Amino acid sequence: MVKPIDVNEMILRVNALLRRSKIVHDKKQVVGSTVLEYDSLTITRNDESIVLAQKEFYLLYKLLSYPNKVFTRNQLMDEIWGVDSPSDLQTIDVHINRLRRRFENNPDFKIITVRGLGYKVVKNEK
């Protein structure tokens with residue numbers, strides 16, 4: 001931050017840091033009525049459990065951790081599948097399509113394609 005310090009900006013930045021540390025500590029994402037539990041790889045919505053493949057869960061969790069942030073296919077592939085993975089970038093597209101079909105009726109969030117860049121999640125405001 002530059003001096004003189006804007007108190008409102010400082011409060012917003014501290015709150016953002018605290019939110020991020022809570023996400024890392026709890027390893028739990030809550031988006032509306034959808035809850036993702038990282039340690040148990042479970043998703044619940046309105047007391048209904050949703051089962052996903054491990055990579056799909058990690059992909060959704062990553063996207064929901066940073067709403068509105070665009071991730072390239074390379075970023076997602078390197079982080080979730082690993083740098084040395086023999087899979088190609090089409091793997092990301094396949095998993096994104098599966099997630100879209102699974103959560104097409106979920107009112108809490110939407111997975112968006114950013115043409116030429118990658119993917120992002122947009123949380124629906126109620």
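Which residue in strand 7 is the bridge partner of F71?

Modeller: The model is a predicted one. The bridge partner of F71 is Y119, in strand 7. Strand 5 and strand 7 (residues 118-123) run antiparallel and are joined by 2 bridges. They belong to an open sheet of 3 strands, in the order 5-7-6, with antiparallel pairing. Its edge strands are strand 5 (71-72) and strand 6 (109-114), each of which pairs on one side only. In general, strands of a sheet pair through backbone hydrogen bonds, either parallel or antiparallel.

Next, the helices. Helix 2 lies across strand 5, strand 6 and strand 7, and runs at about 65 degrees to strand 7. S65 is in helix 2, which covers residues 54-65. The relative accessibility of S65 is 15%, so S65 counts as buried, the cut-off being under 20%. The side chain of S65 also makes a polar contact with the side chain of Q29, at 3.4 Å.

Helix 4 has buried residues too: T91, I92, D93, H95, I96 and L99. These buried residues pack against helix 2 and helix 3 (73-81), and also against strand 6 and strand 7. As for the length of helix 4 (residues 90-102), its 13 residues should span 18 Å at 1.5 Å a residue, because the expected span is 1.5 Å times one less than the number of residues. The end C-alpha atoms of helix 4 are 19 Å apart, which agrees.

Terms used: Residues are numbered from 1 along each chain as its sequence is written. This is a predicted model: local features need pLDDT of at least 70, side-chain atom pairs count only at pLDDT 80 or more; totals for chains, interfaces and linings use all residues. Side-chain values use heavy atoms; hydrogens and water are left out. Helices (H or I, at least four residues) and strands (E, at least two) are DSSP runs, numbered from the N terminus. Buried means under 20% relative accessible area, exposed over 50%, partly exposed in between (1.4 Å probe, protein chains only). A polar contact is a pair of N or O atoms within 3.5 Å; within protein, one must be able to donate a hydrogen and the other to accept it, and residues adjacent in sequence count only if both atoms are side-chain atoms. Two strands pair if DSSP finds at least two bridges between them. Contact means heavy atoms within 4.5 Å. Axes are lines fitted to C-alpha atoms, for helices over the stretch in contact, and angles run from 0 to 180 degrees between N-to-C directions.
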